[in-house]
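Dear colleague,

Please find the structure below, handed over for your records. My notes on it follow.

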Amino acid sequence: MEQNNSLPPFPQGLASPPGAMTPGLPLFSPMMPYGTGLTPQPVQNTNSLSLLEEQQRQQQQQQQQQQQQAASQQQGGMVGASGQTPQLYHSQVSTTTALPGNTPVYTTPLTPMTPITPATPASESSGIVPQLQNIVSTVNLGCKLDLKTIALRARNAEYNPKRFAAVIMRIREPRTTALIFSSGKMVCTGAKSEEQSRLAARKYARVVQKLGFPAKFLDFKIQNMVGSCDVKFPIRLEGLVLTHQQFSSYEPELFPGLIYRMIKPRIVLLIFVSGKVVLTGAKVRAEIYEAFENIYPILKGFRKTT
Amino acid sequence: MAYQLYRNTTLGNSLQESLDELIQGSLNTYRFCDNVWTFVLNDVEFREVTDLVKVDKVKIVACDGKNTGSNAPE
């Protein structure tokens, strides 16, 4: 786990940045790694929207720095490292306000890691990675299909046109279910990763092809991704719905979980008293990770203490 | 309950009950077409009070309606 790398490693080339010797250096200068040295103050305002805007600004600045130092950094890569937690998307709740007269970073260029440690390391990274549970994808096989033929000749298929106008087929590996329509379009559900979903869809297409249809594999697209994780502490949902009214809906008589509709990224989270969180609505894996990193500090603020 | 199955499939999130059977039990294949269910099971024990019959493969064909489903072991 790269828990210590939530901040970009201190760039060796900037041991003595030209602008750094001047006290009162503006914190958000691109030459300074974000959050170095000065004690960050946790944000008191837990308004999700302003937090998100702040995080956006911080992410943009971080991204600017990352792009400049991409070659020398371990984690110069942005999105796309599948399976890796994109450290860039960690919510930086702590705003580093410039404290007068505090210049530890300027005096210790030889110990690059020391100045970077913020006063509240826990807010930099949750250390928890949401696990993907379900991926829904669609693909067009590009030809009309005779569903009855498919249902009669393929294994593990169901077809009840009176109830539902598609063949429901399942394969063991990857364990998935497909809905195959007579138009040639297909929905594939149940996979645990993007690659598995694509592989499963290809397997279904091959089954259809072997039955004699000129199946192609057009416009494969992942439509929805679902992830889940556990923050490992109980949560005060009542408090959360009071302060985040514009995003939350909590009706314990209807459903025991709080439904949090995050704006950026556009993800819906189901948050439970136990501390378990379900995230859905993502088109890419990074959105799930980003949404969780956004919600984690908020949830920490509503941890149950009894 | 039948509605429940199809509510799940129209949402595209079926429970994969059959696959769970595949993993736990000995269901080889299943098919449902024209309101007829066809199952192929492997390594099945038919247990009655006195007898015990073990087969490697059994095909079950089951129809809806007043008549009971037919059973054709192989």
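In what follows, a residue is called buried under 20% relative accessible area, exposed over 50% and partly exposed in between, with a 1.4 Å probe and protein chains only. By that definition, B:Arg47 counts as exposed because its relative accessibility is 63%.

This is a predicted model, in which local features need pLDDT of at least 70 and side-chain atom pairs count only at pLDDT 80 or more, while totals for chains, interfaces and linings use all residues. Residues are numbered from 1 along each chain as its sequence is written, chains are lettered from A and ligands numbered from 1 in the order in which they are written, and side-chain values use heavy atoms, with hydrogens and water left out.

Salt bridges

Over all chains there are 7 salt bridges, each defined as a side-chain nitrogen of Lys or Arg within 4 Å of a carboxyl oxygen of Asp or Glu. One of them joins B:Arg47 to B:Glu45 at 2.3 Å, N to O; B:Glu45 is partly exposed at 37%. Shared partners link B:Glu45, B:Arg47 and B:Lys54 into one network of salt bridges.

Another joins B:Asp34 and A:Lys148, whose closest N and O atoms are 3.4 Å apart. This pair crosses between chains, from the loop between strand 1 (27–33) and strand 2 (36–47) of chain B to helix 3 (residues 147–153) of chain A. Helices (H or I, at least four residues) and strands (E, at least two) are DSSP runs, numbered from the N terminus. Both partners are partly exposed, B:Asp34 at 47% and A:Lys148 at 37%.

Within chain A, A:Glu194 and A:Arg285 form a salt bridge of 2.9 Å, N to O. A:Glu194 belongs to helix 4 and A:Arg285 to helix 6 (residues 285–300), so the pair ties together parts 91 residues apart in sequence. A:Arg285 is buried, at 16% relative accessibility.

Strands of chain A

Strand 4 (residues 176–181) of chain A is largely enclosed by the rest of the structure, because 5 of its 6 residues are buried. Strand 4 pairs in the antiparallel sense with strand 3 (residues 166–171) over 6 bridges, where pairing requires at least two bridges found by DSSP. A:Ile171 stands opposite A:Thr176, and 4 residues lie between the two strands of this hairpin. Strand 4 also pairs in the antiparallel sense with strand 5 (residues 185–191), over 4 bridges, with A:Ala178 opposite A:Cys188. In this second hairpin 3 residues separate the strands, and A:Gly184 in the turn has a positive phi of about 100 degrees.

Yours sincerely
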